[in-house]
Amino acid sequence: MNRAPCSRLLVVGLLAACLIGCGGPDQTIALDPSVQLRVRFGDPAWDGLEVPESGRCRDCGGQGRSPALWIDGVPAAAEEIVVEFNDLRIPDLARNGGHGTLAVATGGQDRVFLPSVREETMSLPRTVRCVRPHRCVFFGHSAGAYMAPCGCGHGNRYAATVMAVRHDGERTVVLARTEISLGVF
């Protein structure tokens, strides 16, 4: 794919992503060192070392699915689990959910399941909401809540930041945070 003609689209996409990301409520960090979130994959094909075929974008011959995740150790005060998917090799996609940010309500449970979602769509399972759509649209992908790893074998490293949060008016309070490696592709 020739990315040279995309430079103008890249600038426009980055400005739009900034506006989307900057328009939300404030975030406060209130981490309790005694709270330890534990995250594990809900599908054995995901091992954190190499992104499985099911998790690769369709442009690279995959099935375009996010990993299903089990999150344990959720603090009692948490209202949602928020997961930011990132491509650590591409600076514009390396943080704040470059590949999308999803959330699932905790329901007061200390163990929460985030089901797998399809890439490039806003049609999500009823238990999942989109916090921020992926920012990969400047590479010619369709908009949506999530974008699957799409490095096509170039060694991109993917990870997810998992946070337990509660909402306090206009502020989102992060109660616990951890990261999980999704693998290399």
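Predicted model: local features only at pLDDT ≥ 70, side-chain atom pairs only at ≥ 80, totals over all residues.
Cys152 is partly exposed, with a relative accessible area of 40%; here buried stands for under 20% relative accessible area, exposed for over 50%, and partly exposed for what lies in between (1.4 Å probe, protein chains only). Residues are numbered from 1 along each chain as its sequence is written, and side-chain values use heavy atoms, with hydrogens and water left out.

Cys152 is joined to Cys60 by a disulfide, with 1.6 Å from S to S; the term covers a pair of cysteine sulfur atoms within 2.5 Å. The torsion about the S-S bond of Cys60 and Cys152 is about -70 degrees, so this disulfide is left-handed. Cys60 lies in the loop between strand 2 and strand 3, and Cys152 in the loop between strand 7 and strand 8, so the pair ties together parts that are 92 residues apart in sequence. Strands (E, at least two residues) and helices (H or I, at least four) are DSSP runs, numbered from the N terminus. Cys60 itself counts as buried, at 19% relative accessibility.

The count of disulfides comes to two. Cys57 and Cys150 form a disulfide as well, their sulfur atoms lying 1.9 Å apart. With 65 degrees about the S-S bond, the link of Cys57 and Cys150 is right-handed. Cys57 sits in the loop between strand 2 (38-41) and strand 3 (69-72), and Cys150 in the loop between strand 7 (128-132) and strand 8 (157-168), so this pair ties together parts that are 93 residues apart in sequence. Cys57 is buried at 0% relative accessibility, and Cys150 is buried at 19%. When the bonded cysteines of the chain are numbered in sequence order, the pairing reads 1-3, 2-4.

Cys136 is a further cysteine to look at. The closest cysteine sulfur to that of Cys136 belongs to Cys150, and at 7.8 Å it is too far for a bond. Cys136 is buried, at 2% relative accessibility. Cys130 also counts as buried, at 19%.

Attention now turns to the aromatic residues. Rings of Phe, Tyr and Trp (its six-membered ring) pair if their centres lie within 6.5 Å; planes under 30 degrees apart count as stacked, over 60 as edge-to-face and the rest as tilted. The count comes to three aromatic pairs. One of them, Phe41 with Trp46, is stacked, at 5.8 Å centre to centre and 20 degrees between the planes. Both Phe41 and Trp46 are buried. Another is formed by Phe85 and Tyr146, whose ring centres are 5.0 Å apart and whose planes stand at 75 degrees, so the pair is edge-to-face. Phe85 lies in strand 4 (residues 80-87) and Tyr146 in the loop between strand 7 and strand 8, so the pair ties together parts that are 61 residues apart in sequence. Phe85 is buried at 1% relative accessibility, and Tyr146 is buried with a relative accessible area of 1%.

Strand 8 pairs with strand 9 (residues 171-184) in the antiparallel sense over twelve bridges, where pairing requires that DSSP finds at least two bridges between two strands. Thr161 stands opposite Glu179 in strand 9. The hairpin of strand 8 and strand 9 has two residues between the strands, and Gly169 takes a positive phi near 65 degrees there.
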